Amino acid sequence: MVKQMRTIKGTHDILPENSRNWQNLEKIIHASASLSGYSEIRTPIIEEAGLFNRGIGENTDIVSKEMYSWTDRDNKTIALRPEMTASVVRSYIQHNLHNKSVLQRLYYIGPSFRRERPQKGRQRQFHQFGVEAIGSANPEQDAEVIALGWEILKKAGINNLELKLSSIGSKECRNKYKNALINFLKPHVSKLSETSKRRLGNNPLRILDTKNKNEIQIIKSAPKIEDYYTKEDQDHFDQVKIFLKSMNIPFTVDPLLVRGLDYYTQTTFEIISNDLGAQDALLGGGRYDGLIKSLGGKDTPAIGFAAGMERILMALDDIAINKKTTPTIYIVCIDKEALGSLQKLSTNLRKIGYKVLFETLRRSMRAQMRDANKYNADFAIIVGQQELVNKTIQLKNLSVGNQETIELKNVFNYFKSLTF
Ligand code: AMP
């Protein structure tokens with residue numbers, strides 16, 4: 001027997017019964033982003049691996065352990081994108097987008113790839129949407145981006161949301177803080193995990209992210225970043241908070257919310273859902289004023305976020321919008337001589353917004369009516385030999401149950417005059 005092929009570990013098919021939820025979420029993203037003036041950008045799934053080495057950082061888990069990369073036939077090292085910010089920034093620089101507008105408001109939707117240990121809410125191929133606002137260093141830009149993420153999750157129907165907010169200050173602040181943290185942790189080094197020992201050398205701020213109970217205990221008395229803010233850092237953070245309050249977006253300040261990489265500055269944030277288990281982060285982002293320069297562009301401030309679509313859909317049974325479905329007509333054709341005129345009718349009815357299901361299996365009337373019910377059709381148009389001769393149709397209103405005869409030439413106008 002031929003071996004059946006299956007999806008590879010950590011990847012999933014999105015089956016027809018679920019794809020409507022995906023489409024609805026995508027609709028919310030497109031509509032909300034557009035209402036705030038953001039335009040979609042689509043970049044390739046494969047890029048030179050060097051983009052992510054520089055754009056995410058060689059020492060990060062994402063790049064050093066999880067990125068899918070290979071040497072291609074022309075000896076270039078290619079990678080499947082593990083996230084999209086680096087690609088968007090590459091594209092921004094490559095196409096001189098700053099010449100088109102000093103402020104670029106961009107958003108994206110698509111798959112990303114990380115070779116992580118698969119578990120609930122963690123796949124190897126997953127989908128992200130995100131926004132990047134490139135060009136403004138001001139706190140109102142931070143508030144706009146955060147508000148957009150918040151609004152999309154709300155519109156999708158997730159209620160139990162929590163916005164965690166922090167600031168990691170300027171580079172100057174972070175360097176001082178890093179030293180203070182290293183000095184604080186050094187005497188505890190023997191009690192740190194292997195991962196944290198390694199991070200102490202290359203990325204000490206990440207230790208604050210630890211899930212290890214002993215380390216959480218140690219960190220409780222570690223120096224706090226807010227004690228290292230410059231006046232500008234403090235002002236920026238205060239203003240972001242004021243703007244969020246004026247937009248009625250609740251938040252909690254979480255000083256442990258850090259981003260370890262050098263190009264991150266000022267605001268960081270995360271939105272979690274208290275309805276999800278261990279993988280509760282739906283969306284994460286922050287200001288990355290140093291990234292564009294580090295990828296070869298001009299020194300340009302920017303802020304963005306990325307959100308995991310599988311996790312959003314997990315937090316919902318069924319997505320809140322578009323519950324009202326398109327009115328549906330099922331065409332039950334019993335006499336094949338009528339196929340042509342009914343096909344024409346279907347095309348015309350679709351043009352005026354009806355969903356029309358046309359039976360192509362030539363099954364019995366009973367089987368077709370069963371199908372009409374399965375698809376929750378509102379109407380069935382039934383044509384047998386009698387109707388063919390009389391140039392009529394039987395119109396059955398499936399929600400009310402009544403049936404009437406209508407002349408074929410009047411059917412289109414009949415449906416046109418209905419309102420939904
Ligand atoms: P990050 O790019 O790591 O900041 O992730 C942004 C968001 O993407 C997270 O908050 C998650 O919702 C989602 N995400 C990241 N990695 C995965 C994964 N392996 N599987 C599913 N969702 C993920």
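Predicted model: local features only at pLDDT ≥ 70, side-chain atom pairs only at ≥ 80, totals over all residues.
I'll start with the ligand. Its shell holds 14 residues, and Arg114, Glu116, Gln123, Gln128 and Ala281 are the closest of them. By type, the shell comes to 6 nonpolar residues, 4 polar and 4 charged.

Where in the fold do these residues sit? At least two shell residues come from each of strand 6 (125–134), strand 10 (281–287) and strand 11 (302–308).

Arg114 has an N or O atom in its side chain 2.8 Å from an oxygen atom of the ligand. Glu116 also uses its side chain: a polar atom there is 2.5 Å from a nitrogen atom of the ligand. With Ala281, the backbone is involved, as one of its polar atoms lies 2.9 Å from a ligand oxygen atom. How much of the ligand's accessible area does the protein cover? On its own the ligand has 490 Å² of accessible area, and the protein covers 86% of that.

Next, the helix pair. Helix 2 spans residues 49–57 and helix 4 spans residues 85–94. Their axes come within 9 Å, and the crossing angle is roughly 110°. Angles of 65 to 115 degrees count as roughly perpendicular, so that is how helix 2 and helix 4 stand to each other.

Which residues make the contact? On helix 2 they are Leu51, Phe52 and Gly55; on helix 4 they are Ala86, Ser87 and Arg90. Sorted by type, this contact has 3 nonpolar residues, 2 polar and 1 charged.

That's all I have on these two parts.

Methods
Residues numbered from 1 in each chain as written. Heavy atoms only, no water. Near = heavy atom within 4 Å. Polar contact = N/O pair within 3.5 Å; in protein donor to acceptor, adjacent residues only side chain to side chain. Areas by Shrake-Rupley, 256 points an atom, 1.4 Å probe, with all protein chains shown as cover. Helix = DSSP H or I, 4+ residues; strand = E, 2+ residues; numbered from the N terminus. Nonpolar A, V, L, I, M, F, W, Y, C, P; charged D, E, K, R; others polar. Axes fitted to C-alpha atoms, helices over the stretch in contact; angles between N-to-C directions. Parallel < 35°, antiparallel > 145°, perpendicular 65-115°, else oblique. Contact = heavy atoms within 4.5 Å.
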